[in-house]
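Colleague: Could you walk me through a model that I have not seen before? I would like to learn how to read its features.

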Amino acid sequence: MSKDPRILDPEMECMDPQERRILQGKRLRETVEHEYNNVPFYRERMDAAGVTPEDINSIDDIVKLPFMEKTDLRDTFPFGLFAVPNEEIVRIQGSSGTTGKPIVSGYTAGDVENWTRMVARAMASIGADKDDIIQICYGYGLFTGGLGAHQGATEIGAMVVPMSSGNTQRQMMMMEELGSTILCCTPSYATYLGESIVDAGKRDKIRLRAGLFGAEPWTEAMRQHIEELLGIDARDIYGLTEIAGPGVAFECQEKHGAHINEDHVIAEIIDPATGKQLPYGTPGELVFTTITKKGMPMLRYRTHDICTLHPEKCACGRTTVRMGRITGRTDDMIIVRGVNVFPSQIETVLVRTPGVAPHYQLIVDRVNNSDTLEVKVEMTEELFSQTDSLGEMQKLQKYIQSEIKSVVGILTKVTITAPKSLPRSEGKAKRVIDNRKL
Ligand code: ADP
Ligand code: ZN
């Protein structure tokens with residue numbers, strides 16, 4: 001019942017890669033000039049690095065530019081990185097930021113238009129059009145998820161249902177009554193919503209056919225789980241406030257990486273330790289440069305997201321570089337007894353284990369100078385209602401422990417909790433609780 005996927009802007013999305021590199025180089029130079037002339041903070045940084053806009057003559061020259069970091073946004077909060085006078089800014093979006101000051105990004109009317117188009121491309125790639133009813137359960141507000149999806153869905157001409165996050169009962173009621181066909185939310189909320197729909201016996205009452213899920217890392221196993229739960233085509237959409245919001249990259253029907261909107265951004269992968277560019281296919285830190293943004297351009301912004309880039313032409317017809325799934329963040333990677341642990345590795349184990357639901361928390365602590373990692377995961381309703389559930393649970397605990405040991409390399413404590421006992425998130429899930437005083 002899936003509709004045909006479309007390519008909204010073939011002249012850009014299917015452009016010859018060589019031609020695109022030339023266009024990117026030209027736009028890069030313009031952006032660097034704009035930034036240098038209007039943002040003293042970055043001009044000083046370029047001066048210190050001994051680079052001028054005249055040194056940027058092609059996309060290859062990008063490596064000459066200094067990096068930008070999240071701390072730069074905090075240090076210049078709120079307007080220090082704006083490259084146009086405030087009267088040209090028509091929108092502020094921001095990111096929660098778990099510690100300290102929030103960060104904000106400013107958009108000109110043109111910036112909002114470009115961002116909207118990027119999300120609309122993602123919508124077109126799932127075949128969304130004016131006949132669709134798109135239910136948006138990302139939070140509306142400073143967070144880019146709600147408004148970002150909203151703008152893209154409006155551009156496509158769909159009937160938009162701006163639910164924002166929260167109130168699962170009402171989400172379900174509207175979904176059923178309106179007959180929503182496309183769902184936009186975080187993958188963790190999609191799972192929760194899907195389970196609630198199944199529990200309420202409403203699975204055959206809903207008309208969903210596809211979903212665009214993002215704003216937090218998820219795995220292939222999680223995709224399968226959501227697709228089966230809701231009977232939909234589940235696609236990944238990636239983005240970050242600093243660069244635009246959701247829609248920086250999105251998956252096509254091939255589902256093997258998210259196409260980056262390369263007419264608006266340049267993506268690089270670097271070695272997080274040395275800052276050196278890494279070749280395609282090698283995992284490293286994703287770095288973005290905006291090349292059409294006027295309000296607050298970002299040059300070589302370090303995302304701390306870890307993934308790989310793939311340049312091969314895609315069967316869908318797009319020629320844009322694809323990014324693989326985010327396998328972790330250089331900054332939310334947890335180091336336990338010297339071993340790098342990514343929550344996604346543990347998620348992969350949990351999602352493929354029958355008897356537990358993909359709701360989990362990782363609790364890190366330090367006891368007698370040694371790190372401990374506890375994995376709390378919920379059992380399924382079926383297991384819970386089984387008569388010999390205690391024996392089953394012990395077997396399951398041992399099994400999960402040995403699976404994690406073989407994937408991650410360390411011994412963990414596995415605690416299986418009652419169904420629906422762990423906190424639910426309506427936005428991004430908080431998976432890691434680090435109680436060490438480091
Ligand atoms: P914050 O999370 O700091 O409040 P944002 O809301 O802008 O800021 O979130 C951007 C971050 O969210 C990205 O850098 C990335 O870590 C994560 N993210 C967004 N979309 C995805 C996705 N599809 N897959 C994995 N991670 C994602
Ligand atoms: Zn494709």
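This is a predicted model: local features need pLDDT of at least 70, side-chain atom pairs count only at pLDDT 80 or more; totals for chains, interfaces and linings use all residues.

Colleague: Thanks! Which residues come nearest to ligand 1?

Modeller: A residue counts as near if one of its heavy atoms lies within 4 Å of the molecule. Around ligand 1 there are 20 residues, and Ser95, Asp236, Ile237, Thr241 and Asp305 come nearest. Strand S7 (residues 233-240) supplies the largest share of this shell, five residues; helices (H or I, at least four residues) and strands (E, at least two) are DSSP runs, numbered from the N terminus.

Colleague: Which polar side-chain or backbone atoms lie by ligand 1?

Modeller: Look for polar contacts, pairs of N or O atoms within 3.5 Å; within protein, one must be able to donate a hydrogen and the other to accept it, and residues adjacent in sequence count only if both atoms are side-chain atoms. Ser95 places a polar side-chain atom 2.8 Å from an oxygen atom of ligand 1. From the backbone, a polar atom of Ile237 is 2.7 Å from a nitrogen atom of the ligand, and an N or O atom of Glu216 lies 3.3 Å from a nitrogen atom of ligand 1. Taken alone, the ligand exposes 560 Å², and the protein buries 91% of that (accessible areas by the Shrake-Rupley method with a 1.4 Å probe; for residues, only the protein chains shown count as cover).

Colleague: Where does the second largest pocket lie?

Modeller: First, the rule: on a 1 Å grid over the protein atoms alone, a cavity is a set of points where a 1.4 Å probe fits but cannot get out, and a pocket is an open set with protein on both sides within 12 Å along at least five of seven lines; lining residues have an atom within 4 Å of a point. The second largest pocket lies between domain 1 (1-330) and domain 2 (334-437), because both give residues to its lining; the bounds come from an automatic or database domain assignment. Its volume is about 450 Å³, the space filled by probe spheres set on points joined across faces, edges and corners. The lining has 26 residues, with Glu195, His225, Ala357, Pro358 and Thr380 nearest the centre. Helix H9 (220-230) gives the most, five residues.

Colleague: How many cavities are there of 30 Å³ or more?

Modeller: There are three. The largest holds about 100 Å³ of space, and helix H5 (residues 109-125) gives the most to its lining, four residues. Among the residues lining this largest cavity are Tyr107, Trp115 and His264. The second largest cavity has a volume of about 40 Å³, and its lining includes Leu73, Phe77 and Pro78.

Colleague: What should I look for in the backbone?

Modeller: Most residues other than glycine have a negative phi, and most peptide bonds are trans. Here the peptide bond from Phe77 to Pro78 is cis, with omega near 0 degrees, and Pro78 sits in the loop between helix H4 (70-75) and strand S1 (89-95). Lys255 has a positive phi, near 50 degrees, and is found in the loop between strand S8 (245-251) and strand S9 (258-260).

Notes. Residues are numbered from 1 along each chain as its sequence is written. Chains are lettered from A and ligands numbered from 1 in the order in which they are written. Side-chain values use heavy atoms; hydrogens and water are left out.
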